[in-house]
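Please open the structure in your viewer and keep the selection panel at hand. We will walk through it one selection at a time.

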Amino acid sequence: MAANKLCCTLAIGALLCLGFAALIQAQDKPVTDVCLGCICEAISGCNQTRYCGGGVCGLFRITWAYWADGGKLTLNNESPQSEDAYANCVNDPYCAANTIQNYMSKFGQDCNGDGGVDCYDYAAIHKLGGYGCKGELSYQYQSALDKCLTTFSPLDVRTSG
């Protein structure tokens, strides 16, 4: 009886730890899923066809330098020094999204001067870089972002980050 009680206590404790770990991990990610989806939509129409061209790769159109600044994440324990590591990661939606999360953790800032850091800032950082985000976004990119956020984020996106 005591062994069963101990086993149940340990199992519940383990589940609570996993739950807290998931909560902490979610808090470490500055960009919401809606925001990521809208950045994807604005930059490429979320075209998931494997793509590399013009110095960018993947559905988020990530450069090698961005990937490097985002931690050189890889798939399946591939070495970051592998010739294909960059393209493999940024063409995978999850690896690319995690690269963006890392990049935004590093470069997140108020780009539009509204006093907060939100999806509009993350979209500017994504398109213009961590040091150039105060610049002008193209009309097409800004319009696609605005339309997506209006459609998919009925809540105030300024609370996302």
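The tour goes from the core to a helix and then to the disulfides. Bear in mind throughout that this is a predicted model.

**Stop 1: the core.** Start by selecting Phe60, Ile62, Met104 and Ile125, the residues with the most contacts inside the largest nonpolar core, which has 38 residues. Next, color helix 2 (33–44), helix 3 (64–69), helix 4 (85–90), helix 5 (93–107), helix 6 (119–128) and helix 7 (139–152): these elements each give two or more residues to this core. Now center on Ile125 and show its surroundings. Leaving aside residues up to four places away in sequence, Ile125 touches Tyr103, Met104, Phe107, Gly108, Gln109, Cys111, Gly130 and Cys133.

**Stop 2: helix 7.** Select helix 7 and check its length: at 1.5 Å a residue, its 14 residues should span 20 Å, and its end C-alpha atoms are 20 Å apart, which agrees. Then show the side chains of Tyr141, Leu145, Cys148 and Leu149, the buried residues of helix 7. They cover an arc of only 95° around the axis, which puts them on the same side of helix 7. What lies over these buried residues? Helix 2 and helix 6 are among the parts that cover them. Turn to the face pointing away from the buried side, and you will find the exposed residues Tyr139, Gln140, Lys147 and Thr150.

**Stop 3: the disulfides.** How many disulfides does a search of the whole structure find? There are 6. With the bonded cysteines numbered in sequence order, they pair as 1-10, 2-12, 3-4, 5-6, 7-8 and 9-11.

- Select Cys38 and Cys148, joined by a disulfide with an S to S distance of 2.1 Å. Cys38 lies in helix 2 and Cys148 in helix 7, so the pair ties together parts that are 110 residues apart in sequence. The torsion about the S-S bond is about -75°, so this disulfide is left-handed. Cys38 is buried, with a relative accessible area of 1%, and Cys148 also counts as buried at 8%.
- Move on to Cys52 and Cys57, whose sulfur atoms are 1.8 Å apart in a disulfide. This link is right-handed, with 115° about the S-S bond. Cys52 is partly exposed at 45% relative accessibility, whereas Cys57 is buried at 3%.
- Finish with Cys89 and Cys95, a disulfide with S to S 2.1 Å. It is left-handed, with -100° about the S-S bond. Cys89 is buried at 0% relative accessibility, and Cys95 is buried at 6%.

Definitions and conventions
Residues numbered from 1 in each chain as written. Predicted model: local features only at pLDDT ≥ 70, side-chain atom pairs only at ≥ 80, totals over all residues. Heavy atoms only, no water. Core = buried A, V, L, I, M, F, W, Y, C linked by side-chain atoms within 4.5 Å. Buried < 20%, exposed > 50% of the residue type's maximum accessible area, 1.4 Å probe, protein only. Helix = DSSP H or I, 4+ residues; strand = E, 2+ residues; numbered from the N terminus. Contact = heavy atoms within 4.5 Å. Expected span 1.5 Å × (residues − 1). Arc of directions from axis to C-beta. Disulfide = S-S within 2.5 Å.
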